[in-house]
Amino acid sequence: MFRNKCFNVALCVLVIAIVTAACTPAPEPTKAPPPPAPTTAPAAAPTTAPAAVPTTAPVAAPTTAPAVPKPTEVAKPAAPDPYKGITAAQDAWAKAAQVGPYQPATLDWDAIEAAAKKEGKVVVYSASSRIADVKKSFEAKYPGITVEGYDIAAVDLLTKLQKEFRSNIHTADVAFVGDPATQLGEMFYPPNKILWTFVPDVLFPNVKTVDVINQGDRDPMLVHIIGGYTWLYNTEAFKEPPIKNIWDLTKPEWRGRVTFGDPQTTPNTLNCFTSLTNHPDEMAKAYEAAFGKPIVLEPGVPNAGYQWIKNLAKNDPVMTKSAGDAGNSVGAKGQKNPPVGFAPWSKIRDVLSGNLVFDLMWNMSPVIGCADLVTLSMVNQAPHPNAAKLMVRWYMGDDKGGLGRSPYNVPGDGNPRKDVAVPKGGKSVDEMQKLLWRNDPGYTYANAIKVRDFWIANLK
Amino acid sequence: MMTAVAFPVSFAPTARRAWRKLTRPHVVLGLVLLGLLFYLVMIPLFIMIQTTITWQVEDQRLVRGVVPGEFTLFHWDRVFNSIISQAMLWTPLQNTLVTSIGISFFALSIGSLLAWLVVRSDLPGKGYISSIAIIPYMMPSWTLSLAWIVVFKNQRIGGSMGFFEALTGIAVPDWLSYGPVPIIITLSLHYYAFAFLLVSGALQSLDARLEESGEILGASRWQVLTRITFPLVIPAVLSAFILTFSRAMGSFGTPAFLGNPVRYYVLSTSLYNNIQSRLQADGFVIGLAMIAIAIVTIYINQRVIGVRKSFATLTGKGFTSTPVRLRAFRYPIFIIVITFLTIAVFAPLLFLGYESLMLKKNSYDLSNLSLHYWIGESNPKIADGIGGVLRESQTWASTWNSVALAVVTGVITSLLGIFLGYAIVKGRGTALSKFVEQVAFLPYLMPSIAFGAIYLGMFAQPMGPIPALYGTFWLLVLVSVAKHLPYSSRSGTAAVMQVGSELEEAAIIGGASWLTRFRRIIMPLTTAGLVSGFLLTFITTMRELSLIVLLVTPATRTLSTLNFRYSEQGYHQPGNALAILLIVIVLFSEWFVRRLRGAQIGKGLGA
Amino acid sequence: MHTIELVHVTKRFGKVVAVDDLSLTIERGNFLTLLGPSGCGKTTVLRMLAGLEEPDAGDILIDGKPVFSAQEGIFVPPAKRNLGLVFQSYALWPHMTVYQNVAFGLEMAKQPKQEIQQRIGGILKDLQIGEMGQRYPQEMSGGQQQRVALARMLAPKPGIFLLDEPLSNLDARLRVDMRSELKRLHRDTGATTLYVTHDQLEALTMSTHIVVMKEGRVQQHASPAQVYRTPANLFVADFIGSPKINLLDATATLGEGGTHLKFATFEIARVLTRASGAVVAGIRPEDIRISPEPDPNGIEFKVYSVLPAGSEIVINAHRGATSVVIRETRDIQLEMDSVIWLQFDSKKINLYDKQTGSLIAAAKN
Ligand SMILES: Nc1ncnc2c1ncn2[C@@H]1O[C@H](COP(=O)(O)OP(=O)(O)O)[C@@H](O)[C@H]1O
Ligand SMILES: [Mg+2]
């Protein structure tokens, strides 16, 4: 009775559903034009060429992907206003909560704390499990305010926020999550004003925020972690970095011995590969240094960054489920022929604790890795805005990297605060800025999927 | 004038009759259930299709200036006919077919053989063997793959060696560590239990006299087996094949663990990859392709055995028959079976258990053993401060959630199953009954991940009679109930079928209302099926992952999702400890319920 | 104690016409048996009367009041028809004790506990299962289960009994015992009874009226004696009686002193029933007299088989291709293959039209 009759009806259902679906409007309540494309503020990243998708009138939407991905070259527009076009309800909320355009130059933190106590609760969506520690310390500091911490994978977190926004559900107060590309691309500008940046005017222990954090790390979004992702080698097997040039990874001697998180499932890897395509000249120069001849792009390959990706894809790379696993692979002790790999810099703590043996390829040209940011935002129409403000300030820690920062005060997870001593094995925010290419959110948003497609298409 | 007067006169009785027909309990019930199914199944399917043919916000990343919500064939074109189609669809499709057919083949062979030995032969210790043989079905399918990695990990993904290499010093070749071979092996070792349940159900209800008459006519054992037994159970075996095939195709954890490191993708992992990249619409296209494949297999199955199944009227009654004597092979076969069960059941637990005791990941030294991940205090230096799982309050909270979810889902599902069974059986032959039965089957074909993703959006707002459930425990219940509909309707149908309709009619004559009949006659008489259905749902819900992974919140996190989160973040030892905890809870519950009510999970499958 | 009428009732299951334009009246207090081969629609009639099945056309009346009418769209639910039903399978609820089974209907009628207890105690005792109230049906023998089913039917004191092959699951001896008990029960309660069976002996022994059915149609509605003595057609003739009636083809001519029948291998003159042309003669086995000695009025046959059954002997005898069955109650010794002389009782021969199979003329008796 189970196996047999299904076919006919199921097929009919499919057909009917397709037909009906084709004839009915979409369920999304936001049938508005696409949100303004993201951009980075001009001063955001001094070493990167700011790029963004211009908010020009929509061209006729093509129905197929371009056969060959072209990096989206963009003119530099004026930064769009993240508040223009917000709804009356959002405006009313912002006014009451004193955020966005209504945030006063100096905040009365005692009043905020008193109001927060009344709110009694703060809901944090966190892409990191260390929210548990933040909860502990925050609740100890502010008894009477319960922290409801949701530890959710980044993609799910963003999806959840979007779905909640579209359904007019307001549960979250604070979002602690990476992928600023998507945040700026889809969640920051009206009509999809899902996230608000809240920058506390002062931080513990009573320092002015503007004095200790670069503008690029607080505008348009407040950065909490400058996550370094770098190329690593096993120090037990190699006395010195075996690789000097990023193109060496594509050479036959490293065939099957390069490992990193699967770009299809680990966004950090994908973003960092994408950043290579945003630096075609540097990549081309490095090619010449590695092979002694200028690069000749294969047909259909847009630039040197893409060429590197293609060559790597053809070199039988080993992909792991998470970025961290690649670090374990590289750094495990007792390997005769260990791979080199691309992993979070913060893995270095396993080296310091003696579990792994690896180091960064400090001298690799043109770059040893990239920086992917984790940001802290307030969620639109947050039910507990004052508690949220306390939480954001708590997250930013004190001058010792303590308080809400302490679980993240590890080497490799760069701290935007310049007044905090850098933990052993890490680098300061400005040094990291020089060592790594910071992923540009606008460029990443407009190109990462194209890079992904390119990668997939070239994998055997 | 005349006709105007005559009309209502002749019309009223017809209307009254029609009304009476419509208000018969099974029709009302069928209509109500159809409404429910519409919400739980049809709308999700509809949304899935709709998503694939409209622009999504995130499509801006690929095509500038799109208007979300407008019609487009972009996603279909992208999946079927673009530079990434080969990698995203065709190769995974091929891999899916290879692994799923391989898994179904081995699972069926092992399962059927074991079923025959247990039901029909004089194998020693049959009772124990059949209880042990179904244990893999109660473990999450991915635990085997975790165990496989513990043992056969090689240097490819680098890092630590597996047990095998550590003990023997022999490097494990890639094909044995990752890819189709281990996927097929581990999933076969899981799904054989499913096949075993289905086939032994069929064998039990096969009238042994049919075999005996063959014997009396002078057929040898082998001839009886091939000429009588096989043809009679082949419809059941084929349908078990299809069921296994569909489930193998939809399974996600194992191919992700064992396939991804060598870039061996199947449709389910490809779907997941797309959703991970927020290419939900593309993912749904793949999901629909999976549904289509499942439908095609069912269609083929129907074609092949459609004619034959008519004579496979299994009586539904157990028949005691003299078991087939294995003679000289009795003990050799016994030893083989025991060895097999050891490998399939105990070895994985052992390896997982061992790894959960390893303080550092790489060292197989005895000195490295510790109970830290079980009972240790949180230490920031180890696993980012995750303490022993038995100490972590998270563990107990999620255990509670898992049990609550499984119990509530189990109760609702099994009750719903009886209702479905009632509407289907009593309406046998009517279009409504058929429709209900078929729609209830649909969730079986829908990939769990896609199902969860749809529910995430769908029940955010009030949905008809259902209030906004977003982020609540009840959303998890709802999605689990919906996903179990195929099983519940199947087991419910089997259970109601066993209650002769005269038993209910006798109560009608006695003047009992429908509710009274249901409460006093139908329910008590279907208790065995009800409890078995409960047990099955309980077990599968306890270990459910992909269905609810998108829907859980910290407040509603379950053991399996906590486990997944741990292993996602590379905390293997506490993850394994949780997996073992979960398995222990499931096994204990199964034992408990079985002792209490004599239920069998086989019955829950409608076998 | 009700009159039951079925008027032009038809019931179809898909293409199968289970009951075809059937009209039937059961007078109050009668014991009417529906008799016919399996699949002829007996159960369907009974179920329609019970209200478990809705006819496609026709009316059903109890005491002149319609309980069902296709025309007027009337349908009275089973519980309101004041009837009790015993299913062929008994349909006892296996999860209830005997007591609970029997009490169910009374509970539904919201009778006080006290009364229920008394009533059930009485019924169980009357039916000789007084000690078994706390048993479950599975723990009882077939005969006892049968009594429980009867008790369950009797408990609410229905005015109509519907019994669907209630004895068919019992062994032969028990069946005979139960027949008389059922008959007694009918008499004591006076309930109008519709009894369904395919066993003609049951029908003949128990009923006040018999309705013989075939393929959904009534073949004959008469008293048991009439059905036996003058079956309305060949089907009924063939169906009723054990051993079976002899049906022999003959050519009839009207002659002096009666009809002259010419069979294939012999002739009978002066048959009292009048007919001519191609006929079938129906001769009951007991209406043939055997003579082991040569008999000038007899016709010579050869004994083919002898089947003694204690009180009677059934003999099969051949004459050429003609074969007849004789029932003999005298204690006579016959050898197989011996020659005997048969005398047909010309007063008791029924003649049927060979074409239509219906009775042309009934023997006067
Ligand atoms: N519920 C039903 N569905 C389809 N056909 C039925 C049903 N009930 C009875 N029939 C058919 O109707 C005919 C009469 O059945 P029934 O009344 O049970 O016969 P009887 O009781 O005389 O043996 C049979 O051909 C039977 O197959
Ligand atoms: Mg019948």
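**Exercise 1. Describe chain B as a whole: what is its secondary structure, and how much of chain B is buried?**

Step 1. Count the elements. Chain B has 27 helices and zero strands. Helices (H or I, at least four residues) and strands (E, at least two) are DSSP runs, numbered from the N terminus.

Note on the model: it is predicted, so local features need pLDDT of at least 70 and side-chain atom pairs pLDDT 80 or more, while totals for chains, interfaces and linings use all residues. Residues are numbered from 1 along each chain as its sequence is written, chains are lettered from A and ligands numbered from 1 in the order in which they are written, and side-chain values use heavy atoms, with hydrogens and water left out.

Step 2. Look at burial. Chain B has 607 residues, and 62% of them count as buried. Buried means under 20% relative accessible area, exposed over 50%, partly exposed in between (1.4 Å probe, protein chains only).

Step 3. Look at contacts (heavy atoms within 4.5 Å). Take those in chain B with a separation of 6 or more: 74% join residues 24 or more positions apart.

Step 4. Chain B exposes about 22700 Å², and carbon and sulfur atoms supply 69% of that. Accessible areas come from the Shrake-Rupley method with a 1.4 Å probe; for residues, only the protein chains shown count as cover.

**Exercise 2. Which residues have the most contacts inside the largest nonpolar core?**

Step 1. A nonpolar core is a set of buried Ala, Val, Leu, Ile, Met, Phe, Trp, Tyr and Cys residues joined through side-chain atoms within 4.5 Å.

Step 2. Name the residues. The largest core has 238 residues, and W231(A), W308(A), W455(A), Y192(B), Y455(B) and F459(B) have the most contacts inside it.

Step 3. Find the main contributor. Helix α10 of chain B (residues 180-204) gives the largest share, 14 residues.

Step 4. Follow Y192(B). Beyond its neighbours within four places in sequence, Y192(B) touches A107(B), I110(B), G111(B), L114(B), A133(B), P136(B), F340(B), L341(B), A344(B) and V345(B).

Step 5. Note the separate core. Another core, of 44 residues, lies apart from the largest one; its members include I509(B), C40(C), V67(C) and F104(C).

**Exercise 3. Which residues surround ligand 1?**

Step 1. List the shell. F13(C), V16(C), A18(C), S38(C), G39(C), C40(C), G41(C), K42(C), T43(C) and T44(C) surround ligand 1. Each has a heavy atom within 4 Å of the ligand.

Step 2. Sort by class. The shell has four nonpolar, five polar and one charged residues. Ala, Val, Leu, Ile, Met, Phe, Trp, Tyr, Cys and Pro count as nonpolar, Asp, Glu, Lys and Arg as charged, and the others, Gly among them, as polar.

Step 3. Assign elements. β2 (16-26) and α1 (42-50) of chain C each supply at least two shell residues. α1(C) gives the most, with three residues.

Step 4. Read the distances to oxygen atoms of ligand 1. A polar backbone atom of G39(C) is 2.6 Å from one. A polar side-chain atom of T43(C) lies 2.5 Å from one. A side-chain N or O atom of T44(C) is 2.4 Å from one.

Step 5. Check the cover. Taken alone, ligand 1 exposes 550 Å², and the protein buries 59% of that.

Key: Polar contact = N/O pair within 3.5 Å; in protein donor to acceptor, adjacent residues only side chain to side chain.
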